[in-house]
Amino acid sequence: MLRHVTSINDLTNDEIERIFSHADAFLASLGDPLVRHRIATSTDKARGRILATLFHEPSTRTRLSFETAMIRLGGQSISSADPATSSAAKGESLADTVRVVSNYADAIVLRHPRDGAARLAAEYASVPIINGGDGAHEHPTQTLCDLFTLRRENKRLRNLNVVVSGDLRGSRTIHSFVYALARFGANIMLMPAKGMELPAHVDERLREEFNCRAVPRQMYEDDNAAINALYVTPDMPHQLSLIPSVEVDAPVDLKIRKKIDVMYVTRFQKERWAEASADYPRIDSNFLRESKYSDTAVLHPLPRVGELDVALDGDSRALYFHQASYGVPIRMALIDLLLTDPAMQGLDRYSGGFATSPRPMYNRPYAAGVRCANLNCIVHDPLERDYIRDKFWLMDGGPAGAQRLRCVYCESNVDAHAAGNMKKREFTVLSVGPTERSSEIPAHLVFFRDRDEALQQGYVEKSPRERHPSHA
Amino acid sequence: MLRHVTSINDLTNDEIERIFSHADAFLASLGDPLVRHRIATSTDKARGRILATLFHEPSTRTRLSFETAMIRLGGQSISSADPATSSAAKGESLADTVRVVSNYADAIVLRHPRDGAARLAAEYASVPIINGGDGAHEHPTQTLCDLFTLRRENKRLRNLNVVVSGDLRGSRTIHSFVYALARFGANIMLMPAKGMELPAHVDERLREEFNCRAVPRQMYEDDNAAINALYVTPDMPHQLSLIPSVEVDAPVDLKIRKKIDVMYVTRFQKERWAEASADYPRIDSNFLRESKYSDTAVLHPLPRVGELDVALDGDSRALYFHQASYGVPIRMALIDLLLTDPAMQGLDRYSGGFATSPRPMYNRPYAAGVRCANLNCIVHDPLERDYIRDKFWLMDGGPAGAQRLRCVYCESNVDAHAAGNMKKREFTVLSVGPTERSSEIPAHLVFFRDRDEALQQGYVEKSPRERHPSHA
Amino acid sequence: MLRHVTSINDLTNDEIERIFSHADAFLASLGDPLVRHRIATSTDKARGRILATLFHEPSTRTRLSFETAMIRLGGQSISSADPATSSAAKGESLADTVRVVSNYADAIVLRHPRDGAARLAAEYASVPIINGGDGAHEHPTQTLCDLFTLRRENKRLRNLNVVVSGDLRGSRTIHSFVYALARFGANIMLMPAKGMELPAHVDERLREEFNCRAVPRQMYEDDNAAINALYVTPDMPHQLSLIPSVEVDAPVDLKIRKKIDVMYVTRFQKERWAEASADYPRIDSNFLRESKYSDTAVLHPLPRVGELDVALDGDSRALYFHQASYGVPIRMALIDLLLTDPAMQGLDRYSGGFATSPRPMYNRPYAAGVRCANLNCIVHDPLERDYIRDKFWLMDGGPAGAQRLRCVYCESNVDAHAAGNMKKREFTVLSVGPTERSSEIPAHLVFFRDRDEALQQGYVEKSPRERHPSHA
């Protein structure tokens with residue numbers, strides 16, 4: 001059973017803790033990274049091993065920290081740092097590229113501009129894929145550095161008040177980070193730039209999959225006017241008692257609302273947005289002057305481009321260069337556990353308590369029916385066309401009269417308002433409610449976003465009075 | 001005596017066999033490349049050795065497989081993967097670059113957009129040059145992988161029926177491959193896209209240098225309508241008896257015409273052609289449904305861009321990912337033999353039976369007379385202008401009243417219809433037949449493509465009744 | 001105390017000699033780099049060490065020779081060869097980049113298009129910065145190769161007649177080279193292309209800091225019409241006696257004027273100049289036909305683009321490929337001494353006799369007053385804006401009624417004609433002579449280029465009769 005790390009959720013809480021204690025040991029061997037003239041000792045644990053770094057987007061710290069980690073482990077890297085000089089420039093699919101590079105390397109780190117690219121790569125690779133950032137989807141190894149930084153500062157995640165600010169829509173680091181925060185029981189406070197709010201499907205997953213409760217606005221706005229949403233994870237007894245239901249206006253412990261433990265800042269992603277944002281949050285000592293920020297750990301995945309004042313660098317609350325410095329030991333730990341530790345293999349997907357029950361997968365040929373609604377998803381990349389099947393998890397939520405589907409690659413949602421039978425070429429509008437849940441999906445079932453899509457594909461509408469075509 | 005591999009013909013048949021048995025051993029040490037979780041063991045054979053990979057064109061698999069091979073041998077690589085960030089961007093010639101890099105590395109792999117670039121590099125390097133693909137000329141290490149794949153499948157090359165399809169003009173892999181097929185006695189069947197037929201000089205070399213016979217069309221068209229040319233190598237006794245002469249319409253053993261042992265597919269080279277080709281051959285299971293394809297090994301050097309159906313990937317006839325996987329052991333074997341094996345040194349150029357007798361070389365200063373007719377040849381690169389002499393082998397063929405010349409770099413042909421004396425600045429149109437063959441080329445002899453070229457260069461025409469100026 | 005090599009003047013003469021004897025040993029272990037089939041042996045001195053090569057401009061030989069040196073020392077490199085694929089493409093400052101990469105590598109080689117970039121990097125790095133070329137400022141490791149080449153040819157630098165030709169303005173290699181020549185007592189003869197004369201501040205430093213004397217034109221023009229300036233370093237007794245004063249038309253030993261020991265040629269820097277230069281010096285055998293060139297060592301840092309005739313390559317005077325070949329042992333020696341030799345640490349800045357007395361540093365917030373006059377200086381890079389303070393050394397020279405300032409980063413000069421008090425927001429035009437020299441610079445002193453600049457910044461002019469505002 002081959003292990004990939006395409007999402008922070010591919011790792012259990014226990015595995016994350018395991019990576020951290022492993023990284024502690026590597027950190028000690030490297031010496032304090034912020035002390036000048038350290039002597040970094042290397043190991044031989046990955047001697048003869050090769051890591052491929054395939055970067056289809058610019059990077060300095062992610063690629064170089066992976067390559068450094070590999071060297072410090074005694075191994076070596078092969079690198080393709082520029083899509084313009086790789087076979088992608090000749091029109092090669094990612095699927096073929098990773099199949100070929102699997103023959104060269106013992107693991108592959110992939111960065112790609114498309115959401116879900118790492119998952120597609122994992123389907124075709126014969127060695128572990130590590131997601132080094134895929135579009136706006138996830139950046140799990142950054143999140144490992146983020147969590148490790150807080151752990152090194154003796155901040156326990158449970159009940160921690162964490163503000164995430166900036167581009168919550170386009171920042172892949174935020175998405176991996178908030179899932180991890182929810183899983184470890186932190187309170188998540190959102191401070192997005194206008195129009196850059198957390199994507200709906202991430203919000204939905206936080207609430208439905210990771211048991212977060214959105215706190216009513218009036219319960220925190222006096223203290224945190226800039227925060228536009230606050231989630232707590234009420235699966236801990238004391239939290240459940242505090243906020244039994246979001247509908248109830250019960251008093252909330254002020255501790256939750258006031259003290260900010262972590263301020264996580266992200267840059268404006270100019271490569272993903274056409275226009276700059278005038279109200280983009282800028283964090284500086286003036287912003288942090290209130291007493292609730294007196295012990296706040298300021299984090300930033302870097303690079304920064306103006307949203308985090310350089311004058312803060314000497315402030316004891318500024319931890320972002322520590323955070324960057326942990327990139328090497330964390331990645332050493334991850335590579336070492338993936339390449340050499342048999343205990344990393346065969347573990348269930350996040351068994352730490354956050355896994356939902358397995359959902360049925362709807363798996364159809366390319367464009368046979370509904371397609372992922374996220375146009376930046378890897379399934380829409382013309383180079384991958386021949387390698388893609390449209391795969392979705394069947395979800396419970398969604399509007400009445402529709403079936404909610406979650407793309408297996410980019411994990412965004414689409415609601416199917418019509419369904420049909422591929423063999424009979426007939427369809428029905430799902431006005432009578434979603435498809436009955438079943439672990440068996442009929443072989444000929446096909447979903448459509450709506451009636452128009454079904455008609456365009458040449459399907460014939462059946463009378464709505466008849467039974468659902470998938471059960472016909 | 002320094003050994004370079006600029007063409008598959010720089011290696012004898014015996015040397016190629018030697019490389020293959022060496023690669024067998026490396027392959028065993030690497031483990032099966034298509035099995036997950038293999039453990040690749042490394043050697044120390046190239047410890048302390050450095051390979052430079054200078055890539056002036058995009059590449060993933062060639063560069064990374066060479067670098068992987070070097071790591072697996074215990075050595076290391078230095079790499080320039082992008083001409084835009086190399087000294088070529090400052091206007092440095094390839095000749096100077098390889099002279100300098102020869103000081104750093106123990107061998108150099110070169111990829112370059114110009115035909116014949118590897119030969120020019122070999123003239124200036126003080127370490128072995130390995131051609132990683134030069135324009136549309138050759139790609140010898142790909143051919144080694146191709147042949148090795150067939151050998152691993154227990155396919156003996158002698159008498160094998162091999163179809164090569166697609167862009168036979170622009171594909172450097174095809175050119176190296178067909179020379180090797182001819183040398184090992186395979187039958188070569190051409191299935192080009194329209195306008196992408198095998199270049200005339202490659203066809204000529206197959207027939208004149210490698211003793212291939214073109215089989216008359218009516219002898220195979222019933223069975224292979226898509227094939228536009230078929231060569232057999234009648235230097236083997238049983239073949240000679242089958243096809244004593246192409247002029248004779250004798251019956252040909254159907255075995256030659258029917259069973260296809262290998263289908264070698266190549267991609268449309270968008271970087272070499274302005275327009276797409278509508279009739280470009282596309283190989284899929286429908287194409288391969290006839291019984292003559294039932295045991296066909298399907299090869300492709302990759303990347304593919306649509307000409308080879310992805311749905312074939314699971315077909316047992318599809319060997320192209322095996323082919324890609326052999327890149328590392330084959331390149332390990334080649335590097336090891338070039339860097340460390342004294343027996344690789346001093347061997348004559350393809351002594352395996354295919355060498356023609358040494359031809360006289362015509363070697364003149366830049367643009368002193370006739371120039372290579374191939375405008376993509378390295379001799380026409382403005383950056384190399386000061387480093388180039390116009391060098392040709394004097395050939396036997398060509399039209400009456402002309403001297404055929406083969407460019408030493410790109411190996412394409414040009415016919416000289418006039419010749420003169422550089423000292424007297426006189427010339428004659430070669431209306432009375434080609435220059436008498438001689439191993440001594442007169443010091444002042446100069447050739448011209450035609451009368452106009454000679455006049456433009458300020459030469460005075462002598463009366464055609466006089467003797468040839470070179471012998472005056 | 002962390003050592004950086006941002007300028008050739010960061011190394012003492014003794015240290016340079018130390019590097020050379022160290023390089024001799026490495027050269028012996030590498031074998032003769034110009035002999036084919038050498039066996040290069042590697043050491044383990046840098047085992048486990050990592051060099052980062054951050055190249056924001058194209059390079060082949062500098063980057064690859066550093067990486068080769070690291071491999072030959074037993075260490076490894078991580079490389080960012082293309083700004084378009086690095087975090088700079090996302091808008092990250094150099095300051096942040098080197099802070100982060102300091103966590104990965106044990107030393108950083110930086111190439112950057114901005115003058116003074118290496119000095120800025122050194123302010124932020126926690127590991128040694130080696131300047132691999134910063135704009136038109138300096139290229140100290142090239143100069144080490146240049147001097148080492150002459151030393152290997154048994155040319156003692158003292159009294160050597162060295163012509164430097166070509167683009168003396170834009171060539172960073174020239175600037176480092178002439179400082180070193182002056183420090184070691186060579187005579188420097190300038191042969192610039194028109195408009196590409198040595199920058200005024202380099203000329204000034206040669207004369208004022210390195211004690212060079214400009215020789216009057218009439219004393220050498222009969223023999224060297226092409227030379228437009230000649231410097232000797234009269235701090236050696238025999239030279240002092242020869243040229244007691246530049247104002248005196250005393251006869252000069254013809255030896256100084258006639259025999260040319262070294263001809264150092266540089267290319268036209270098309271990346272720094274908009275237009276080509278028609279009179280750019282071209283060195284060929286015709287140029288070198290005079291007897292004074294009979295033993296001239298011809299050097300060139302390469303790449304060349306036409307200014308140095310390829311036909312010279314076989315001439316025994318041509319040493320430029322030797323020069324290139326010394327790149328590896330010189331850089332091995334420098335890296336080894338920087339990374340492992342404690343004696344390299346804590347040495348004073350060029351204690352070898354050329355250091356001037358410490359000058360007071362004027363250090364003000366970004367754009368608080370006068371700014372560097374060199375628009376290509378790193379202080380004008382928009383990405384670095386938040387990381388820059390305007391820092392200058394207070395110099396003695398300059399026109400009457402002005403204070404000369406030397407930029408700490410790019411080392412060019414600017415003359416301040418006005419000065420004020422930042423607190424009182426008042427200023428005075430410096431019509432009464434430069435500020436009194438003092439090792440204490442008043443905390444509120446601010447300089448302006450001129451009266452207009454002060455007024456634009458909202459300062460109020462005080463009566464010129466009053467005392468200098470900085471002393472008020």
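Here are a few worked exercises on the structure above.

This is a predicted model, in which local features need pLDDT of at least 70, side-chain atom pairs count only at pLDDT 80 or more, and totals for chains, interfaces and linings use all residues. Residues are numbered from 1 along each chain as its sequence is written, while chains are lettered from A and ligands numbered from 1 in the order in which they are written.

**Exercise 1.** Find how many helices and strands chain A has, and what percentage of its residues count as buried.

*Solution.* Start with the secondary structure: chain A has twelve helices and 18 strands. Here helices (H or I, at least four residues) and strands (E, at least two) are DSSP runs, numbered from the N terminus. Next, take burial: 55% of the 472 residues of chain A are buried, a term for residues with 20 or more other C-beta atoms, placed from the backbone, within 10 Å of their own.

**Exercise 2.** Work out which elements of chain B give two or more residues to the side that touches chain C.

*Solution.* First, the contact joins 27 residues of chain B to 29 residues of chain C; two residues are in contact if their C-beta atoms, placed from the backbone, lie within 7 Å. Then look at the chain B side: β1 (50-55), β2 (76-80) and α3 (94-101) each give two or more residues. The largest share, five residues, comes from α3(B).

**Exercise 3.** Now do likewise for the side of chain B that touches chain A.

*Solution.* Count first: 29 residues from chain B meet 27 residues from chain A. The elements of chain B that give two or more residues are α2 (61-72) and α10 (320-325). Of these, α2(B) gives the most, with six residues.

**Exercise 4.** Describe how helices α1 and α11 of chain C pack.

*Solution.* Begin with the geometry: α1 (residues 13-30) and α11 (residues 327-340) of chain C pack at about 125°, with axes 8 Å apart. Axes are lines fitted to C-alpha atoms over the stretch in contact, and angles run from 0 to 180 degrees between N-to-C directions. The two helices are therefore oblique to each other. Finally, list the residues: among them are C:H22 and C:F26 of α1(C), and C:M332 and C:L337 of α11(C).

**Exercise 5.** Identify the buried residues of helix α7 of chain C.

*Solution.* In α7 (residues 200-208) of chain C, they are C:H201, C:V202, C:R205 and C:L206. The buried residues of α7(C) pack against α6 (172-183), β8 (229-232) and β14 (413-416) of chain C.

Notes:
Angles under 35 degrees count as roughly parallel, over 145 as roughly antiparallel, 65 to 115 as roughly perpendicular and the rest as oblique. A residue is buried if 20 or more other C-beta atoms lie within 10 Å of its own, exposed if 12 or fewer, and partly exposed in between; C-beta atoms are placed from the backbone.
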